[in-house]
Amino acid sequence: MAIGFKQPFLLDPEVVFLNHGSFGACPRPVFERYQAWQLRLERQPVAFLDPDRGYAAWMAETRAALSAEIGARADDIAGFTNATSALNAVARSLPLAAGDEILTTDHEYAALDKTWGFVAARTGARIVTARVPLPLTDPAAFTEALMARVTDRTRVLFLSHITSPTALLFPIEGAVAQARARGIWTVIDGAHTPGHIPLDLDALGADFYAGNCHKWLLTPKGAGFLHVRPEQQALLDPLVISHGWQPDRSAPGPFGGTAFVDAMEFQGTRDPSAWLSVPEALAFRTAQDWDGIARACRDLATGTGDRIAARTGLPPLSSPDLRAPQMIALPVPECDVMWLKTRLYDRYAIEIPVLRWNGQAIVRLSVQCYNTPEEMDLLVDALAELLGLPVAA
Ligand SMILES: Cc1ncc(COP(=O)(O)O)c(C=O)c1O
């Protein structure tokens, strides 16, 4: 399957866009559907935002379409603007107390580290950060490294499914199962997974799983979700108490959803157009040979990673199976990461994240259907020139 189809995308053609991972990119038909929803909202806001005149049913249609994609029951997911707000709802709802422990890793997204830090400061709970053994090659070693840090005070296990700074695909299944068996709440940050890897959230069995649709599922910005196991739904407070909330959490919600769904989805006046565009994004992917595209993207990412590693001589952070398929973190020699990022953009128009993680300089490459082998060549040459990399042996 050939990739490199840029035409449906709205990205600036002057930019070599190698950072799908940060905020995604939305193809034109999906963006047009989004704008059609916005126009409809603006033409008759009162009718649009009346739950009984279509709004609640449209929200439910998105839940139904998305739930089939992620292996969940539609009543167990609620729409959120993004994964951060979904995870905030969880972190701020759990009844933690002084001395409780929140177990996490050294690969988490910085904003969520702040969220848990905030919660810990408020409650007196303690953050315990497990170091994941690198290179990550063995799911059992991953599970072991985490479970070795569990104590009788551990209340929460918080893990990314695909990590942000290191683009690893954490093999979370074993840790989720073992933590749940010990009565520990399992909270998973799946910001990068919907549309990127196959998901079966019911089979995974995490208590709370948040995801974004605006990254790899190709929706406009502002579409995410929270999946909560039915047993845990009554525990959750929405971040905003509004018309959708009611004190009796066992009664159906006021707008035809469950108490959980209505409390999370109806939180004051807002524009739900990005969320309502999820079915169109799913249809866009279905209309292509998406499995073939995803395979081609993964192969291009792997090949480019191999070429850069051959020039830097630095080993990969994981085996290929424990890496995000379309995103790869490439260790590069010691450098000023801001300088490198700016030079890549100013001199080559390459938009790509360059970051420092645990002391290591990293370039994080994303490959999406609009990228080309020529763009990969440009990246390899640009890095070689800027970092003075030797020619591969
Ligand atoms: C692992 C991870 N979690 C959470 C987020 C936050 O996503 P959002 O800003 O859409 O909430 C990101 C964003 O890149 C991420 O990489």
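Which residues lie nearest the centre of the largest pocket? Tyr109, Ala110, Ser164, His192 and Lys215 do. The model is predicted: local features need pLDDT of at least 70, side-chain atom pairs count only at pLDDT 80 or more, and totals for chains, interfaces and linings use all residues. Residues are numbered from 1 along each chain as its sequence is written, and side-chain values use heavy atoms, without hydrogens and water.

View 1. A pocket is an open set of points on a 1 Å grid over the protein atoms alone, where a 1.4 Å probe fits, with protein on both sides within 12 Å along at least five of seven lines; lining residues have an atom within 4 Å of a point. The lining numbers 29 residues. Two or more come from each of α1 (20–23), α5 (83–91), α6 (110–123) and β11 (354–357). Helices (H or I, at least four residues) and strands (E, at least two) are DSSP runs, numbered from the N terminus.

View 2. Domain 1 (16–27 + 289–387) and domain 2 (31–283) both contribute lining residues, so the largest pocket lies between them. Domain bounds come from an automatic or database domain assignment.

**View 3. The second largest pocket.** This pocket has a volume of about 280 Å³. Its lining has 14 residues, with His196, Ile197, Pro198, Asp291 and Ala294 nearest the centre. Helix α13 (residues 290–312) gives the most, five residues. Domain 1 and domain 2 both supply lining residues, so the second largest pocket also lies between them.

Methods. Grid points are joined across faces, edges and corners, and a volume is the space filled by probe spheres set on the points.
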